[in-house]
Amino acid sequence: MNAAFKALADPTRREILQLLVKQPLPSGKIAEHFSSSWPTISRHLAVLKEADLVLVVRDGQQLVYELNTTVFQDVIRHLAGWTRPRR
């Protein structure tokens, strides 16, 4: 859970996740959306993968990233546990 919160704290990583809401994308297509260098985007993708927020599938020579929605469900359940119903 800590890795997920750390990953979500960065605006670039949140923007990457927003791109993946629409469809899985290869790393090169993700990188095209940013002015940052390829190594920087690659590191962001690695952090997202380490936090299990994305799944990675090899398609030939490309790595295709997609959202891992089960982790988001866990995060939502965790946050919901902090709330109390209003009376």
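Where is Asp52 found? Asp52 sits in the loop between helix 4 and strand 2 (54-59). Helices (H or I, at least four residues) and strands (E, at least two) are DSSP runs, numbered from the N terminus. The model is a predicted one, in which local features need pLDDT of at least 70 and side-chain atom pairs count only at pLDDT 80 or more, while totals for chains, interfaces and linings use all residues. Residues are numbered from 1 along each chain as its sequence is written, and side-chain values use heavy atoms, with hydrogens and water left out.

The protein chain has five helices and three strands, arranged along the sequence in the pattern α-α-β-α-α-β-β-α. Its C-alpha atoms fill a box of roughly 55 × 25 × 20 Å, taken along the principal axes. The mean pLDDT, the predictor's confidence in each residue from 0 to 100, is 93 for the protein chain, and 97% of the residues score at least 70. Confidence is lowest in helix 5, with a mean of 88, and highest in strand 1 (residues 25-26), at 98.

Of the 87 residues of the protein chain, 32% count as buried. Buried means under 20% relative accessible area, exposed means over 50%, and partly exposed lies in between (1.4 Å probe, protein chains only). Contact means heavy atoms within 4.5 Å. Among contacts between residues at least 6 apart in sequence, 50% join residues at least 24 apart.

Helix 2 (residues 11-22) has buried residues Arg13, Ile16, Leu17, Leu19 and Leu20. These lie on the same side of helix 2, because they cover an arc of only 155° around the axis; the arc is that of the directions from the helix axis to the C-beta atoms. An α-helix has 3.6 residues a turn, so residues three or four places apart point the same way. Pro11, Gln18, Val21 and Lys22 are exposed on the other side of helix 2. At the start of helix 2, the backbone nitrogen of Thr12 has a side-chain oxygen of Asp10 within 2.9 Å.

The axes of helix 2 and helix 4 come within 10 Å and cross at roughly 75°. Helix 2 is therefore roughly perpendicular to helix 4, a term for angles of 65 to 115 degrees. Axes are lines fitted to C-alpha atoms, for helices over the stretch in contact, and angles run from 0 to 180 degrees between N-to-C directions. Thr12, Arg13, Ile16 and Leu17 of helix 2 meet Ile41, His44, Leu45, Val47 and Leu48 of helix 4.

Leu48 belongs to helix 4 (residues 38-50) and counts as buried, at 0% relative accessibility. Not counting residues up to four places away in sequence, Leu48 touches Ala7, Arg13, Ile16, Leu17, Leu53 and Val54. In helix 5 (residues 69-80) lies Val75, which is buried with a relative accessible area of 7%. With neighbours within four places in sequence left aside, Val75 is in contact with Met1, Ala4 and Phe5.

Two loop residues are partly exposed. Asp52 has a relative accessible area of 45%, and its phi is near 60°, a positive value in a residue other than glycine. His33, in the loop between helix 3 (27-31) and helix 4, is partly exposed at 47% relative accessibility. His33 and Gln61 are 28 residues apart in sequence and 20 Å apart in space, C-alpha to C-alpha.

Conventions. Polar contact = N/O pair within 3.5 Å; in protein donor to acceptor, adjacent residues only side chain to side chain. Parallel < 35°, antiparallel > 145°, perpendicular 65-115°, else oblique.
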